[in-house]
Amino acid sequence: MLKDKIKSGVIYLDNAATSFPKPECVIDAVVNYMTQIGANPGRSGHKLSIEAGQIVFKVRESIAALFKIKNPMNVIFTSNATEALNIAIKGIMQEGDHVITTSMEHNSTIRPLHELEKEALISLAIVQADRNGIIDPKKIKEAITVRTKSVVVNHASNVLGCIQPIREIGKICKENGVIFIVDCAQSAGVVPIDINRDNIGILAFAGHKGLYGPTGTGGMVIADDFDHKKIKPLKYGGTGSLSDKIEQPDFLPDRFESGTLNVAGLSGLLAGSQYIQKKPGGIKGIYLHKNELQKYFIKQAEMQIPGFTCYSSSNLPSVGVIAFRLNNISVSDVAQILSDKYEIMCRQGLHCSPLAHQTIGTFPEGTLRFGFGIFNTKEEIDTAVHALKSISEGN
Amino acid sequence: MKAVILFHSTNHAIWAENELKESKILCKMISVPRHLSSDCGYCVQIDADDGEKASSILNAKNIEFDNIENYEGE
Ligand SMILES: Cc1ncc(COP(=O)(O)O)c(C=O)c1O
């Protein structure tokens, strides 16, 4: 039985980096592809190639349903959220463009933007979030100039877990003819997202976090009414289509999907995406579960752990990510002891987000971070609180 | 007589096959006959009589295809 092979005896609270464990159906789907199908989709006409193509198509449909877009071909698979953000950012911006982003961005957004700024191709405005990590849409509106091409926003913070008012920001973008790019790496599969109603032009998602697919999966989703020809591809190459031409196809998804896809990963992503969407309570249930765990952890920790400082607000909606510290003990020591002595896995440091930590005043040391997943329980939180209490008390 | 629906992308071919099956049209994915296209990949084979119906289903779903060609397949 596969189940018996899944690592047990550890408490995994690093789901914001990548989710673990994956549902059993995800593992079965990967094994099924690896043992029964194996072929390259869209390249050859034999049965197994077509079966592989069917899997890829079904994931497209499942992801399209998740973000409420009509055309499954507007779902582009990439190796992670970072690649999707790079395609969107580097593919859209042109010389002289002005771009607005926020102080809550992950490096996967801020680095490509900074690079374009360094090359003097674009000018960049960084809108500051408040201490809780929330962006005031009015500030975005004020930052828009006649040259503003795009607004890029991280939907849910990978540091604090807080959620941005993207529908309002999107409305402002729409009214001003600005392309709204949203980083949904932490929110996909946790917060319901509707590309049209949220006024999103392009979104990036990670397949390996809240959608419970394997690592190496992710993608870019383009709104139905968005002209994808405005985005220049990052990669050019074989697509299995228009093979008689040396021109890159301009239609979706082929324009952006050169090279063999990660079909083993996508097989698992299909199972993961179906699993969370079919789960009793659906995405909303996952959201409620994570918020309940978050509130429970903060409450227990504040009651029991001396020197516990929390940076995430328990009053704000969250994706179940919490930043905290134990006073007078370095975050790296705490994380090391949690791992070595208590078998509790979490992340410490800056979480690839220096600006977010500057925003909340925790730069350069960073914080500890717990990221809850669908399989975490209150009992596990009790164990973690107990461990943190002992560490804080010097035991 | 058979016909094949040709697509510029295998992604669309698979999408089309699923939709046609759902509409109870007999169809099958086959390799693109070389005399019809120099492209690699696959296409959807149907009965030539179903051509018009298939075309209207695909158009209704906004599934892009190149054309439908009658051909003397087996
Ligand atoms: C907010 C945010 N954006 C982007 C990323 C990058 O995701 P990936 O590792 O899939 O490239 C992450 C995760 O690390 C993230 O938390």
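Over all chains, the structure holds 13 salt bridges, a salt bridge being a side-chain nitrogen of Lys or Arg within 4 Å of a carboxyl oxygen of Asp or Glu. The model is predicted, so local features need pLDDT of at least 70 and side-chain atom pairs count only at pLDDT 80 or more, while totals for chains, interfaces and linings use all residues. Residues are numbered from 1 along each chain as its sequence is written, chains are lettered from A and ligands numbered from 1 in the order in which they are written, and side-chain values use heavy atoms, with hydrogens and water left out.

One of the salt bridges joins the side chains of Asp14(A) and Arg369(A), with an N to O distance of 3.6 Å. This pair links distant parts of the chain, 355 residues apart: Asp14(A) is in the loop between strand S1 (11-12) and helix H2 (24-37) of chain A, and Arg369(A) is in strand S13 of chain A. Helices (H or I, at least four residues) and strands (E, at least two) are DSSP runs, numbered from the N terminus. Asp14(A) counts as buried because its relative accessibility is 14%, and Arg369(A) counts as buried at 1%. Buried means under 20% relative accessible area, exposed over 50%, and partly exposed in between (1.4 Å probe, protein chains only).

Arg60(A) lies in helix H3 (residues 47-67) of chain A and Glu257(A) in the loop between S8 and H8 of chain A, so the pair ties together parts that are 197 residues apart in sequence. Arg60(A) is buried, with 0% relative accessibility, and Glu257(A) is buried with a relative accessible area of 8%. In the salt bridge between Lys389(A) and Glu393(A), the closest N and O atoms are 3.4 Å apart. Here Lys389(A) counts as partly exposed at 26% relative accessibility, and Glu393(A) counts as partly exposed at 40%.

Strand S13 (residues 367-371) of chain A, which holds Arg369(A), is largely enclosed by the rest of the structure, because five of its five residues are buried. In a regular strand the side chains alternate between the two faces of the sheet. Both faces of S13(A) are covered, with Thr367(A), Arg369(A) and Gly371(A) buried on one side and Leu368(A) and Phe370(A) buried on the other. Strand S10 (residues 321-326) of chain A runs antiparallel to S13(A) and is joined to it by four bridges; two strands pair if DSSP finds at least two bridges between them. In this pairing Ala323(A) stands opposite Arg369(A). Strand S12 (residues 347-349) of chain A is also antiparallel to S13(A), with three bridges between them, and Gly349(A) stands opposite Thr367(A).

Strand S8(A) is mostly covered, five of its five residues being buried. Gly218(A), Met220(A) and Ile222(A) point one way from this strand, and Gly219(A) and Val221(A) point the other way. Four bridges join S8(A) to strand S2 (residues 75-78) of chain A in an antiparallel arrangement, in which Val75(A) stands opposite Val221(A). S7(A) likewise runs antiparallel to S8(A), through five bridges, and Ile202(A) stands opposite Ile222(A).

Several backbone features lie in loops. The peptide bond from Leu252(A) to Pro253(A) is cis, with omega near 0°, and Pro253(A) is found between strand S8 (218-222) and helix H8 (263-278) of chain A. Phe363(A) and Pro364(A) are also joined by a cis peptide bond, with omega about 5°; Pro364(A) is in the loop between helix H11 (354-360) and S13 of chain A. Tyr212(A), although not a glycine, has a positive phi of about 65°. Its place is the loop between strand S7 (202-206) and S8 of chain A, and Tyr212(A) counts as buried at 3% relative accessibility. In chain B, Lys24(B) has a positive phi near 65° and lies in the loop between helix H1 (10-22) and strand S2 (27-31). Lys24(B) counts as exposed at 74% relative accessibility.
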